[in-house]
Amino acid sequence: METAAPCREIIEVIKESGGEAFNLCYQCGLCDAVCPWNRVRTFSMRKLVRQAVFGLTEIEEEDLWLCTTCGICPKRCPRDVKQIESGVSLRRIATEYGVFPASAKPVSAVSASLSGEGNPLSEGREKRAAWAEGQSVKTFTEEMDILYFPGCYLCYDPRLMKVARATAKILNLSGTKFGILGSKESCCGESIRKTGNEELFKRLARENIKTFIENGVKKILVSSPHCFHTFKNEYPEFKVNFDVVHISQYLLELIGGGKLDFTKEYKKKVTYHYPC
Ligand code: SF4
Ligand code: SF4
């Protein structure tokens with residue numbers, strides 16, 4: 001069993017990521033009571049916090065990777081212990097040591113694919129705009145209103161490519177002047193950051209930011225909530241601020257502005273759920 005303890009390094013990394021809040025924990029256990037994992041299996045954030053306070057984190061344990069960063073327990077914690085940020089900082093240590101439990105082993109292949117091809121799916125960068133072949137989709141230029149950024153899965157997954165094509169069709173119908181940057185785009189980096197690979201996240205973010213600036217991008221339309229969150233809330237860490245809009249918001253805007261009409265009635269109430 002590999003234990004990084006007594007672990008000055010863990011404590012330092014936790015501090016750097018705002019994880020000093022770990023020390024505020026008084027072990028009430030509310031985080032475990034609300035965590036969705038405990039409906040299907042046992043997982044204790046409270047225990048992770050306790051171990052981290054004493055630098056006794058076992059970095060090869062699967063528990064380090066179980067938190068989905070859903071955000072429930074940080075909202076309910078009476079001591080404002082920043083479980084997500086601090087949990088990610090623990091993963092950063094495991095990533096630095098290259099220690100992964102069996103269930104987290106794919107992280108290495110995903111990281112390699114992101115480094116080499118800018119996507120987590122081991123697909124070629126040059127195929128990033130394949131979904132747009134035969135569609136009325138242009139390359140983005142500065143005069144256009146919006147950069148459409150479909151995100152990795154809509155660019156490569158055969159079923160989700162249909163969503164990118166449908167989006168392009170709607171944008172064209174509404175008269176939106178939009179374009180894509182295809183193989184110049186890289187993954188937004190949100191998920192790899194959550195694995196603790198901060199360096200790779202920064203590299204991806206800088207590549208995208210450079211591409212956006214060089215191409216005169218001001219407004220970005222996204223299909224993925226991961227891209228939305230990252231561009232809007234995390235890229236400003238690099239001193240940039242793009243106008244970011246999610247397709248669900250933009251559609252509402254188009255309908256409200258009379259640029260998109262329904263031609264048929266659909267007699268159902270629909271809830272939009274992004275199935276990430
Ligand atoms: S809810 Fe907060 S204070 Fe309570 S055990 Fe969890 S981290 Fe500690
Ligand atoms: S943020 Fe993580 S530990 Fe907290 S409730 Fe969600 S999955 Fe559980």
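Analyst: We begin with a definition: a salt bridge is a side-chain nitrogen of Lys or Arg within 4 Å of a carboxyl oxygen of Asp or Glu. Here Arg92, Arg193, Glu198, Glu234 and Glu237 are linked in a network of salt bridges. This is a predicted model, in which local features need pLDDT of at least 70 and side-chain atom pairs count only at pLDDT 80 or more, while totals for chains, interfaces and linings use all residues. Residues are numbered from 1 along each chain as its sequence is written, chains are lettered from A and ligands numbered from 1 in the order in which they are written, and side-chain values use heavy atoms, with hydrogens and water left out.

User: How many salt bridges does that rule give?

Analyst: The count is 13 salt bridges. One of them joins the side chains of Glu62 and Arg41, at 3.5 Å from N to O. To place this pair we need helices, which are DSSP runs of H or I with at least four residues, while strands are runs of E with at least two; both are numbered from the N terminus. Glu62 is in the loop between α3 and α4 (63–66), and Arg41 is in the loop between α2 and α3, so the two belong to distant parts of the chain, 21 residues apart.

User: Which other residue meets Arg41 in a salt bridge?

Analyst: Asp63 does, with 4.0 Å from N to O. Because Arg41 lies in the loop between α2 and α3 and Asp63 in helix α4, the pair ties together parts that are 22 residues apart in sequence.

User: Is Arg41 buried or exposed, or something in between?

Analyst: The cut-offs come first: buried means under 20% relative accessible area, exposed means over 50%, and partly exposed is in between, using a 1.4 Å probe and protein chains only. Arg41 is partly exposed at 33%. Lys82 is partly exposed at 30%, and Asp80 is partly exposed at 46%.

User: Where does a charge sit over a ring?

Analyst: The rule asks for NZ of Lys or CZ of Arg within 6 Å of the ring centre and within 35 degrees of the ring normal. The charged end of Arg79 sits over the ring of Tyr26, 5.1 Å from its centre.

User: What about pairs of rings?

Analyst: Rings of Phe, Tyr and Trp (its six-membered ring) pair if their centres lie within 6.5 Å; planes under 30 degrees apart count as stacked, over 60 as edge-to-face and the rest as tilted. The count comes to 10 aromatic pairs. Phe212 and Phe231 are edge-to-face, because their ring centres are 5.6 Å apart and their planes stand at 85 degrees. This pair links distant parts of the chain, 19 residues apart: Phe212 is in helix α11 (residues 198–214) and Phe231 in helix α12 (residues 225–234). Phe212 is buried at 0%, and Phe231 is buried at 1%. Tyr235 and Phe238 also form an edge-to-face pair, with 6.3 Å centre to centre and 80 degrees between the planes. Tyr235 is buried at 0% relative accessibility. Ring pairs link Phe149, Phe201, Phe212, Phe231, Tyr235, Phe238 and Phe242 into a cluster.

User: How is empty space found?

Analyst: Rolling a probe the size of a water molecule over the atoms shows where empty space is left. On a 1 Å grid over the protein atoms alone, a cavity is a set of points where a 1.4 Å probe fits but cannot get out; lining residues have an atom within 4 Å of a point. Grid points are joined across faces, edges and corners, and a volume is the space filled by probe spheres set on the points. The count is two cavities of 30 Å³ or more.

User: What lines the largest cavity?

Analyst: The largest cavity holds about 100 Å³ of space. Its lining has 15 residues, of which Cys25, Cys28, Cys31, Cys77 and Gln83 lie nearest its centre. Helix α3 gives the most to this lining, with three residues.

User: Which helix gives the most to the lining of the second largest cavity?

Analyst: Helix α6 does, with five residues. The second largest cavity holds about 50 Å³ of space, and the residues lining this cavity include Met45, Leu48, Gln83 and Arg91.

Methods. On a 1 Å grid over the protein atoms alone, a cavity is a set of points where a 1.4 Å probe fits but cannot get out, and a pocket is an open set with protein on both sides within 12 Å along at least five of seven lines; lining residues have an atom within 4 Å of a point.
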